[in-house]
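Okay, thanks for coming, everyone.

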Amino acid sequence: MTSALITAATTDVSTEVGNPWANIGIFLVFVAVTLFAVVRASRKTKTATDFYAGGRSFTGTQNGTAIAGDYLSAASFLGIVGAIAIYGYDGFLYSIGFLVAWLVALLLVAEMLRNTGKFTMADVLSFRLRQRPVRIAAATSTLAVSIFYLLAQMAGAGALVSLLLGIDSKLGQSLVIAIVGVLMIFYVFIGGMKGTTWVQIIKATLLLIGVGIMSIWLLALFGFNFSAMLGEAVTTAGNPAVLDPGLQYGASALSKIDFLSLGLALVLGTAGLPHVLMRFYTVPTAKEARKSVVWAICLIGGFYLCTLVLGFGAAAMLGPEVISNAPGGQNSAAPLLAYELGGTILLGIIAAVAFATILAVVAGLTITASASFAHDIYGEVIKKGKLDTAGEMRAGRATVVVVGILAILGGIGAQGQNVAFLVALAFAVAASANLPTIIYSLFWKRFTTRGALWSMYGGLITSITLIVFSPVMWGAETSFFPDVDLALYPLTNPGIVSIPLSFILGWLGSVTSKATEDPAKQAEMEVRSLTGVGAEKATDH
Amino acid sequence: MTTTHNYSDFQQVQKSEQFQQLRKTHRSFVFPMTVIFLIWYLAFVILAAFAPEFMAIKVLGNINLGIVLGLAQFVTTFIITGAYVAYANRKIDPIATDLREQMEAAGAGEPTPVEVTGYATTAPGSGDAS
């Protein structure tokens, strides 16, 4: 019976699966609900603190849910389920890195960042160093990470459209990307961080309920026997190796090192992602920031456990071949599985959740990019901190529109390109340009401006340069230029080189620097970071 | 309270015994724990990449060592999270709160101290809201 269903699904699949109108309808309900939340939030968005930090009035639980919403992008939902369905065990490896990474945020970053900063990562990094150059560097790497991530999300939206709405024409897909983009601009423009946070919370709740129900359903089909499900996955795939590591990364010594490089970037990148860091400012105290991370770890951990079930479940019920041949390829595993389990309605829900995911993540990235430009570059560097709150909000909103339009154009331009590497690049840049400087400035007394600049620019430039001269661009089948081999760097992920290098540069720059930083500022930062004295308070309740 | 530091001066607070104690309490947990989970994670990744035949050893039915160790990563992440929260609540927060309250009473930490009038600079109950 299952096989009959599968063949039915695959024959339809060339154009569409399920009913696109059901998918659109359910998505419109999501839009209506979030729109309501955003408009409500906008009434309370009056100051820059409201706009960038949601008035610091969210609870740890709310913020933790929103963090999960921000973090669990379409790439991790569709991508990881698909990767497990096709590559088996190697897909599971991603999710472990994505989860363990939160311990860095919990132990070393979240609370101290909340205690010392105001709106952005740059607030913390420039606290005791020379304001201007450090702020510019931090804002540059924030914008770079946000834009790489944003482009990947927007390009993914195009692929999702063809898969779920049955729109195959380039014009139609561009139109949907534009609609998603305009909607997102509207959300962030009027709702600021408060509106964005509610969108994340609603989305995270839907996503977690969706994957939770599907996982329990799947397990029930196998009599709650995970081992039996794995057995079925092996039978369907006809390949016992799906349960073992190596299908995706085991090809050569080089691909194994590449995997190690990716693992490093994942585990150290998360706590340097500016849109994640910014979320810690939306709670009133460091203790609530801690609670946010704890809650986020529970939700994200639960989610990745579900993806393990969904991935192997998709492998068992559909098989890697069916998934690879469907439009959208690997990304279609979760939607196809939903259709297989619950027909049109479940597919519609999962499709709507996937869209909501893109919308919410893009909104989170946009407000981060906007804060970084309007607060760090315009407010602090150009206007030297003399901008009033109304001026800072005006600048923020203007940046939201510009970033949104760039995202739409970039998303349309990136259609059909293989941009999955952009997410890995965003993590690598976050791990090398941001994390070392965050750690040094919080924990190392002798850290200097020069160390910060060397580490941030060094990490940023190394990561991007290595990617430009990697097989992502040159010489391999999936490269942008498959016929010319200019890949001087043999790996697709720069982390294994750029992360240690940035740590070394930060140290070297500091020990060779003759300038000493203000010890009073260092004392203030350290005392504040640990005690929370003088930390920005909530503006309303 | 045993010392005579000026609580509105960050450098003096930084040198105080109580603050040094706070810093030590914080670092003596987070640093070793970070090293431990990073080594454990990297060991896992290296095993998965370079010893796939080890990871393929069946443990229970179709469940192999790779899946068991992968799930163990989840378990340790949850355990470390819980351990940190318990430690922070018990050991870190009391010292931090005490210091913060004394400093705030002394008028420290306001971005622009207009005039030091003692308690008037901070809202009451600005400690933990949980």
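In which helix of chain A is A:Asp50 found? That one is helix H3. Keep in mind that this is a predicted model.

So, A:Asp50. This residue is buried, yet there's no salt bridge for it. The nearest side chain of opposite charge belongs to A:Lys194, and that sits 4.1 Å away. What the A:Asp50 side chain does reach is the backbone nitrogen of A:Lys46, at 3.0 Å.

Let's follow that to A:Lys46. You'll find this lysine in the loop between helix H2 (20-42) and helix H3 (48-53) of chain A. Is A:Lys46 buried or exposed? Its relative accessibility is 61%, so it counts as exposed.

Now for the salt bridges. How many does the structure hold over all chains? There are 12, and I'll walk you through a few.

Start with A:Glu536 and A:Arg56, whose side chains meet in a salt bridge at 3.6 Å, N to O. A:Glu536 lies in the segment after helix H21 (519-531) and A:Arg56 in the loop between H3 and helix H4 (60-71), so the pair ties together parts of chain A that are 480 residues apart in sequence. As for cover, A:Arg56 is at 0% relative accessibility, so we call it buried, while A:Glu536 is partly exposed at 26%.

Next, A:Arg135 with A:Asp123, where the closest N and O atoms are 2.9 Å apart. Here the partners are 12 residues apart, with A:Arg135 in helix H9 (residues 131-164) and A:Asp123 in helix H8 (residues 121-125) of chain A. A:Arg135 is buried, with a relative accessible area of 5%, and A:Asp123 is buried too, at 7%.

Then there's one across chains. A:Glu526 forms a salt bridge with B:Arg27, and their closest N and O atoms are 3.8 Å apart. Why does this pair join two chains? Because A:Glu526 lies in helix H21 of chain A and B:Arg27 in helix H2 (residues 17-50) of chain B. Both residues are buried.

Last one: A:Glu111, A:Lys287, A:Arg290 and B:Asp93 are joined into one network by salt bridges that share partners.

That's my tour. Over to you for questions.

Definitions and conventions. Residues are numbered from 1 along each chain as its sequence is written. Chains are lettered from A and ligands numbered from 1 in the order in which they are written. This is a predicted model: local features need pLDDT of at least 70, side-chain atom pairs count only at pLDDT 80 or more; totals for chains, interfaces and linings use all residues. Side-chain values use heavy atoms; hydrogens and water are left out. Helices (H or I, at least four residues) and strands (E, at least two) are DSSP runs, numbered from the N terminus. Buried means under 20% relative accessible area, exposed over 50%, partly exposed in between (1.4 Å probe, protein chains only). Lys and Arg count as positive and Asp and Glu as negative; His and the chain ends are not counted. A salt bridge is a side-chain nitrogen of Lys or Arg within 4 Å of a carboxyl oxygen of Asp or Glu. A polar contact is a pair of N or O atoms within 3.5 Å; within protein, one must be able to donate a hydrogen and the other to accept it, and residues adjacent in sequence count only if both atoms are side-chain atoms.
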